[in-house]
Amino acid sequence: MAKESALDLSCDDFYVSLLFDEIENDENFSISDEKSAEELQFQEVIMNSTIFNQNTEAEGGAHEVGESSLSFCEICAERKESDEMFTIQTCSHIFCTDCISKHVATKIQENIHVVTCPGVACREILDFETCSSIVPKEVISRWDEMLCESLILASQKFYCPYKDCSAMLVNDSDEIIRESECPSCWRLFCAQCKVPWHCGVECVEFQQLNSDERDREDLMVRELAKAKEWTRCPYCKYFVEKTEGCLHMTCRCGSQFCYKCGVIWTIHHAC
């Protein structure tokens, strides 16, 4: 009996221990489920944070790439795309096309045909052909004319004396030419005096005239005076017409002169 009781007791203890183990296992299983849920939540938070960081880095990288593709113009102090920039081949300075175009236009307006780099202390020359694609056509046309004019000797070139024309003319002949016609405005001018044609007045006489006596109207008066045989007072330069009397003339300014030769009258004058 004693053995049987001991056996039963050990069996009971075995079943009790199994029962408690089962309960503990159930508790362990429940506790493990709670931890798994917490771990899943934690992993989800980490994953979301990682995705957010990756997106932020991607956006930042794209922004940096966008900024790195821009170039800085030292004239207007703006960042512009590479296709809006112009590189000067001789010195490698880079400026935006708008600034270079304005720089060239300003120099041409100042009658400067050798256009240099706008960089500080840089004296490299801008190429005409390279700039032709970014500079307005009217500026390029004028620049081209100035470059052609620079190839002609200063002693051979002059300009039409008419202010509304001013076309450049070239005297490449050794022959002395006086009366000439402008091929641009088709008006006559004196190639020796470089003035509008002074009809009836020789070049030597014209060049002796004062600057206020060379206008077209003044020359017409001189021509009329010759036709009417008027004489000019040697003092006040007014023309005087004799209607009657002797050659001894007294001008309104008080001076006396000979009407025939125009010299100052003296007691011993004879003409």
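**Close-ups of a predicted model**

**View 1. Phe189 meets Pro196 across a bridge.** Pro196, in E9, is the bridge partner of Phe189. This is a predicted model, where local features need pLDDT of at least 70, side-chain atom pairs need 80 or more, and totals for chains, interfaces and linings use all residues. Residues count from 1 along each chain as its sequence is written, and side-chain values use heavy atoms, leaving out hydrogens and water. Strand E8 (residues 188–190) pairs with E9 in the antiparallel sense over two bridges; strands are DSSP runs of E, at least two residues, and helices are runs of H or I, at least four, numbered from the N terminus. Pairing takes at least two DSSP bridges between two strands.

**View 2. The open sheet runs E7-E8-E9.** Its three strands pair antiparallel. E7 (179–181) and E9 (195–196) are the edge strands with a single partner each, so one side of each has no neighbour in the sheet.

**View 3. Ile108 and its contacts.** Leaving aside residues up to four places away in sequence, Ile108 touches Val115, Val139, Arg142, Trp143 and Met146 (contact: heavy atoms within 4.5 Å).

**View 4. Phe128 and Trp143 pair edge-to-face.** The whole structure holds two aromatic pairs. In the Phe128–Trp143 one, the centres are 5.2 Å apart, with 75° between the planes (Phe, Tyr and six-membered Trp rings pair with centres within 6.5 Å; under 30 degrees is stacked, over 60 edge-to-face, the rest tilted). Phe128 belongs to helix H3 and Trp143 to helix H4, 15 residues apart.
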